[in-house]
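This report describes how the parts of one protein chain are arranged. Please look at the sequence and the model before reading on.

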Amino acid sequence: MATLKDSRRSRIKKSIRGKIAGTAERPRLTVYRSNSAVYAQIIDDAQGKTLAAATSYVKGKVNNNIEAAKNVGIAIAKAAAAAGITKVVFDRNGYLYHGRIKSLAEGAREGGLQF
């Protein structure tokens, strides 16, 4: 069953990435969730560089709940503001816009990012 889920997510991810791309004016905010943490990066695809990053990873602890995802959203918004970024394109990376992904997006909006 896991391979079916992974192939579905991969197909959705390719479809999303075909439609959006990060530029210098409006970089891409991408999200990854694992069993132990939630990660977010702001990427300029034109240069192929990561401009800002945030994570809920704590060594030896599972920290992947909705509250942790919201904190990552707020943290990535602060890191983006420090880098002079206000507008981004949201890349949900093949995940459904629900739960941790939605919470991270709401946290980023609260922190001041526009998408």
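Which strands does H3 lie across, and at about what angle does it run to E1? H3 lies across E1, E2 and E4, and runs at about 145° to E1. Helices (H or I, at least four residues) and strands (E, at least two) are DSSP runs, numbered from the N terminus. Axes are lines fitted to C-alpha atoms, for helices over the stretch in contact, and angles run from 0 to 180 degrees between N-to-C directions.

This is a predicted model, in which local features need pLDDT of at least 70 and side-chain atom pairs count only at pLDDT 80 or more, while totals for chains, interfaces and linings use all residues. Residues are numbered from 1 along each chain as its sequence is written, and side-chain values use heavy atoms, with hydrogens and water left out.

**The sheet**

Strands of a sheet pair through backbone hydrogen bonds, either parallel or antiparallel. Here four strands form an open sheet in the order E3-E2-E1-E4, with mixed pairing. E3 and E4 stand at the edges with a single partner strand each, so one side of each has no neighbour in the sheet. On average, neighbouring strands are turned by 20° against each other, direction ignored. Two strands count as paired if DSSP finds at least two bridges between them. The pairs are listed below.

| Pair | Sense | Bridges |
|---|---|---|
| E1 (residues 28-33) and E2 | antiparallel | six |
| E2 (residues 38-44) and E3 (residues 49-55) | antiparallel | six |
| E1 and E4 (residues 89-91) | parallel | three |

Some residues can be followed across the strands. Leucine 29 has isoleucine 42 as its bridge partner in E2, and phenylalanine 90 stands opposite leucine 29 in E4. Alanine 40 of E2 stands opposite valine 31, and the bridge partner of alanine 40 in E3 is alanine 54.

E1 and E2 form a hairpin with four residues between them. E2 and E3 also form a hairpin with four residues between them, and glycine 48 in that turn has a positive phi of about 75°.

Contact means heavy atoms within 4.5 Å.

The axes of H2 (residues 66-82) and H3 (residues 100-110) come within 7 Å and cross at roughly 35°. Residues of H2 in this contact include Ile66, Ala69 and Val72, and those of H3 include Arg100, Ser103 and Leu104. By class, the contact has eight nonpolar, three polar and three charged residues. Ala, Val, Leu, Ile, Met, Phe, Trp, Tyr, Cys and Pro count as nonpolar, Asp, Glu, Lys and Arg as charged, and the others, Gly among them, as polar.

**A loop residue**

Asparagine 63 is in the loop between E3 and H2. Leaving out residues up to four places away in sequence, asparagine 63 touches Ser36, Ala37, Val38, Ser56, Val58 and Ala68. Asparagine 63 and threonine 50 are 13 residues apart in sequence and 23 Å apart in space, C-alpha to C-alpha.
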